[in-house]
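Walk through this model with me.

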Amino acid sequence: MEEDDVTIREQNFHSQVREYIICFLLFAVLYIVSYCIITRYKWKSDDHEDEDAVVNRISLYLCTFTLAVSGGAVFLLPFSIISNEILLSFPRNYYIQWLNGSLIHGLWNLVSLFSNLCLFVLMPFAYFFLESEGFAGSKKGIRARILETFVMLFLLALLILGIVWVASALIDNDAASMESLYDLWEFYLPYLYSCISLMGGLLLLMCTPVGLSRMFTVMGQLLVKPTILEDLDEQIYCIHLQEEALQRRLNGSSSHTYIRGGFTHQLSKELDNIRNQRNKLERRKKASGWEKNLLYPIVMLILLTGTTISVIMVALNILYLLVDETAMPMGSTDRGIGNTSLSTFGVAQAVLEIVLMFYLMVSSVVGFYSLRLFEGLTPRKDDTTMTTIIGCCVSILVLSSALPVMSRTLGITRFDLLGDFGRFNWLGNFYIVLSYNFLFAVVTTLCLVRKFTSAVREELLKALGLDKLQLSNSPTDPESGKLSANGHQKTL
């Protein structure tokens, strides 16, 4: 009997060690990828080792950790779905016994814990540490900056706890809720993270429809569009004339010292834009026939199909919410991993759900940086400050943490939300969930209709040559040196 107990304890010990090793390896891969991404966009500073360099390096490591946690939140639900289908297909396979419910639940709990840690501790610390200089009168150095950072974190914690305390007291005024106000671990942190998840869900609701329509423009810039009733040779000729005119003006301005430097900088910027347009036209001219006439329509069709399927699934989920209360995110029960399939059509539907989730995440990021409010956070290669990187990491963390909740709320998947992700209070509110689905479907449809009607109108004007009519008739500054549509330089 004792030998059996020892064997069970040994098995549990080895299972826990195996889970820790798997979690560490997965996080190590995400951390390396995140580090490569951040260093690609981070501003390249001098190699001189000083106090600011140490602070920037510490902030870089914290941002890398946060971005890795964001990646884990994005892959969390797809990994759980595909693991469930694998365990159903191969229930007794020896080589996949490590893929069990304990590992999945552990990953959900770790992602939830690290998300809270990054959002409320690491990212505020990185920002305050980066902006700190030490208190007035104290000796300058790393210790003084760390002391100031911890003081600012303490004040920020008091402020946030006070806001949460007042908000919860106003919302729930009964005796039980008032007693729970003094429970920090069991009430404050889940309630605070629930509020953050609601904000992330609303941010996704705002960014995803914009990103779904913006994706067509982004892919149109990356791919070569078909040439329909366009004379590329004439356009390249006009661009060449514009480039030569701007080059002559730039050479003339550089020879005169009395001309302001701002004017020369503006000419250089215009010349760079003209050269970029010329490169794009030459790329379109050199592109093969299959790339112009086959690849572009296929990609556009895939994007349109993915967006249409997403809207249809959300519309069906609205009907399920009206007739079946189990469609609520809080109404689902934990069926366990590998017991039953949550997809009607098995592996094919599971793969479709995973593709749609990644598509929605990419669209939300594209939509986020397309909004005017967040354009300043757009990262640029080798020219992004650490403050901007911190803002980007926090934004992506909020979006990625809300992705599993949004996917379950919209009915993209029926997989249960595990860990603290399923404990959010607002998920049990029928009117919030129904309104969320309805707004997503309506706003996405309106964005797509507006996008395609404007795109079709522009392409028709371009094909008929009417887009040049406004350019040729519009007056230009005689000193600007711009060219008319027929390719001749205006009189200077």
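C23 is buried, at a relative accessible area of 14%. Buried here means under 20% relative accessible area, with a 1.4 Å probe and protein chains only. C393 is buried too, at 3%. Its sulfur lies 4.4 Å from the closest cysteine sulfur, that of C63, which is too far for a bond. A disulfide needs two cysteine sulfur atoms within 2.5 Å. The whole structure has zero disulfides.

This is a predicted model: local features need pLDDT of at least 70, side-chain atom pairs count only at pLDDT 80 or more, and totals for chains, interfaces and linings use all residues. Residues are numbered from 1 along each chain as its sequence is written, and side-chain values use heavy atoms, without hydrogens and water.

Now the helices, which are DSSP runs of H or I with at least four residues, numbered from the N terminus. α2 has 39 residues, so it should span 57 Å at 1.5 Å a residue; its end C-alpha atoms are 56 Å apart, which agrees. The expected span is 1.5 Å times one less than the number of residues. α2 bends by about 35° at F75, and P78 follows within four residues. The bend is the angle between axes fitted to the seven residues ending at a residue and the seven starting there. α3 has a kink of about 45°, centred on C118.

Last, the lining of the second largest pocket. α10 gives the most to this lining, with seven residues.

Note on methods:
Helix = DSSP H or I, 4+ residues; strand = E, 2+ residues; numbered from the N terminus. Buried < 20%, exposed > 50% of the residue type's maximum accessible area, 1.4 Å probe, protein only.
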